[in-house]
Amino acid sequence: MSEDLLAAASRILENERFEDLSVRRLAREVGVTPGNFYNHFESLDDLLLSLAADAFDQRARLIRRMINSSKPRTEAARMVSLSFVEFAIANHQLFRIMFGQIPNATTHERFRNAAEGSFAELVHLLYGEDIYRPDDVTWSHEHCRDAYALFSFMYGLARNIIENQITFPTGTRAELRRFVLEVVDLLITGQNFVLAKRSRD
């Protein structure tokens with residue numbers, strides 16, 4: 001039953017805002033009473049954060065596949081960045097849930113562990129080893145700065161594209177992919193960034 005409720009929520013989120021979901025509606029979608037919902041989830045937020053945790057787990061598996069592939073780390077980071085932006089565009093509501101729209105989300109243990117696991121894989125991809133310490137934020141801030149920078153960049157880029165702050169003349173997927181990879185390259189390599197070029201002049 002919990003899987004049916006998650007699947008129903010996922011379907012609805014493809015076309016509607018998560019704020020429009022309700023326990024009553026989800027129960028109706030799967031043919032149970034609202035009371036049955038609470039046999040599987042403590043609240044609607046619990047269900048939504050479980051969906052988000054699944055998405056973080058999926059992202060962690062994708063990054064792990066990149067780590068285990070034969071791709072150079074720079075190329076793997078480019079592909080991971082592109083997949084992040086494409087996921088955000090295709091799953092806007094779920095993306096919102098994953099990143100800040102549910103109050104006190106970090107108190108949800110499964111969500112918190114999945115989010116930290118996904119970030120840990122990104123750190124591993126960039127540094128070539130498991131150095132992220134979720135229980136020592138100060139240490140992680142000092143030693144994982146490239147991962148924080150890349151994550152912040154990916155997130156900001158995705159949000160700007162979703163909200164049409166960055167637009168594309170043709171609107172094709174190929175144009176979007178090319179743009180994302182080109183700007184990610186600026187961050188990853190740094191060599192062609194305008195300030196870096198000027199400092200060499």
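**View 1. Arg133 lies over the face of Trp139, at 3.7 Å from the ring centre.** A charge counts as over a ring if NZ of Lys or CZ of Arg is within 6 Å of the ring centre and within 35 degrees of the ring normal. This is a predicted model, in which local features need pLDDT of at least 70 and side-chain atom pairs count only at pLDDT 80 or more, whereas totals for chains, interfaces and linings use all residues. Residues are numbered from 1 along each chain as its sequence is written, and side-chain values use heavy atoms, with hydrogens and water left out.

**View 2. The rings of Phe95 and Tyr155 form a stacked pair.** Their centres lie 5.6 Å apart with planes at 25 degrees (rings of Phe, Tyr and Trp, the last by its six-membered ring, pair if their centres lie within 6.5 Å; planes under 30 degrees apart are stacked, over 60 edge-to-face and the rest tilted). Because Phe95 lies in helix α6 and Tyr155 in helix α9, the pair ties together parts 60 residues apart in sequence (helices are DSSP runs of H or I with at least four residues, numbered from the N terminus). Phe95 and Tyr155 belong to one aromatic cluster, whose members also include Phe84 and Phe151.

**View 3. The rings of Phe37 and Tyr38 form an edge-to-face pair.** Their centres are 5.2 Å apart and their planes stand at 80 degrees. The structure holds 16 aromatic pairs.

**View 4. Leu122 is in contact with residues beyond its sequence neighbours.** Leaving aside neighbours within four places in sequence, its contacts (heavy atoms within 4.5 Å) are Ile63, Val80, Ala147, Leu150, Phe151 and Met154.

Key. Helices (H or I, at least four residues) and strands (E, at least two) are DSSP runs, numbered from the N terminus.
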